[in-house]
Amino acid sequence: PLVVVLHGSGGTGHGMMRFTGFSELADREGFLVAYPEGLNHRWNDGRQFEGASQTDDVAFIRTMLDRIEAEQKVNSKAVYVTGMSNGGFMASRLGDECADRFAAIAPVCGGIGPQQAPAARPISVLIMQGTADPLVPYAGGAVGAFLQSRGEVRPTDEAVAYWKKDDGCRGPGDHQRLPDVDPADGCQVERVHWSGRHGTAVDFYRIKGGGHTWPGGLQYLPVRSIGRVCRDIDATQVIWEFFRSHSRK
């Protein structure tokens with residue numbers, strides 16, 4: 001299996017490697033990881049705003065996959081992408097435009113913009129979003145409110161409904177309130193799971209009180225700037241467990 005991990009705006013591939021710990025997990029579990037780097041440290045995730053990247057990053061990712069698959073023993077039915085913030089938005093775009101290459105996506109703190117069109121085929125999706133994210137608002141609207149405008153994001157519940165519709169998910173889903181492992185973190189996690197067609201699934205992790213952060217990761221900026229890190233789950237482990245249970249048909 002191959003997991004592609006996308007950095008946020010201003011980030012680097014090397015930084016995302018240290019930030020998520022995916023390489024250590026890959027060594028234990030036996031999968032490959034790629035940490036590509038966007039031109040000028042950002043991705044063209046489809047949002048429209050002044051200064052947005054115009055690079056054809058979809059073509060870049062496709063070319064990168066071709067190169068890796070030519071050089072490594074990749075299971076082409078088990079290729080996945082996750083990302084944080086701008087990388088999460090980009091993962092969502094790839095889920096729509098590259099569903100022929102990826103079996104599942106996992107955007108963290110990165111939703112879908114108003115311009116995103118439905119995927120050509122069903123794809124499994126895991127979403128993690130904090131309800132107190134000050135940069136990518138849970139309720140939708142302007143992205144990066146205390147910085148310059150970074151376009152718009154749809155409400156999180158609308159994004160979940162978007163992927164459910166793509167995958168043909170029905171019903172209220174299987175709801176769980178996960179254990180509050182660290183009461184001091186100010187966060188609680190709710191998980192909702194839906195089964196879709198062709199073996200797909202949509203998993204939504206609502207991080208109540210969580211900020212613009214990677215659950216289980218670093219508090220990389222002060223709480224007043226990015227919100228709180230949830231310590232009740234390890235996003236890297238949860239994402240990998242979701243990925244390995246879904247392959248492309």
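## The second largest cavity

Let's start with the residues around the second largest cavity of this predicted model: they divide into 6 nonpolar, 5 polar and no charged. Here Ala, Val, Leu, Ile, Met, Phe, Trp, Tyr, Cys and Pro count as nonpolar, Asp, Glu, Lys and Arg as charged, and the others, including Gly, as polar. The lining is made up of V108, C109, M128, Q129, G130, I207, G210, G211, T213, P215 and C230.

A cavity is a set of points, on a 1 Å grid over the protein atoms alone, where a 1.4 Å probe fits but cannot get out, and lining residues have an atom within 4 Å of a point. This one has a volume of about 50 Å³, a volume being the space filled by probe spheres set on the points, with grid points joined across faces, edges and corners. Strand β5 gives the largest share of its lining, 3 residues; strands are DSSP runs (E, at least two residues), as helices are (H or I, at least four), numbered from the N terminus.

## The largest cavity

The count comes to 2 cavities of 30 Å³ or more, and the largest holds about 100 Å³ of space. Of its 15 lining residues, G110, G111, I127, T156 and A159 are the closest to the centre. Two or more lining residues come from each of β5 (124-130) and α5 (156-167), with α5 giving the largest share, 3 residues. By type, this lining divides into 9 nonpolar, 5 polar and 1 charged.

## How to read the values

Residues are numbered from 1 along each chain as its sequence is written, and side-chain values use heavy atoms, without hydrogens or water. Local features need pLDDT of at least 70 and side-chain atom pairs count only at pLDDT 80 or more, while totals for chains, interfaces and linings use all residues.

Note on methods:
1 Å grid on protein atoms, 1.4 Å probe; cavity = no way out; pocket = protein on both sides within 12 Å on 5 of 7 lines; lining within 4 Å.
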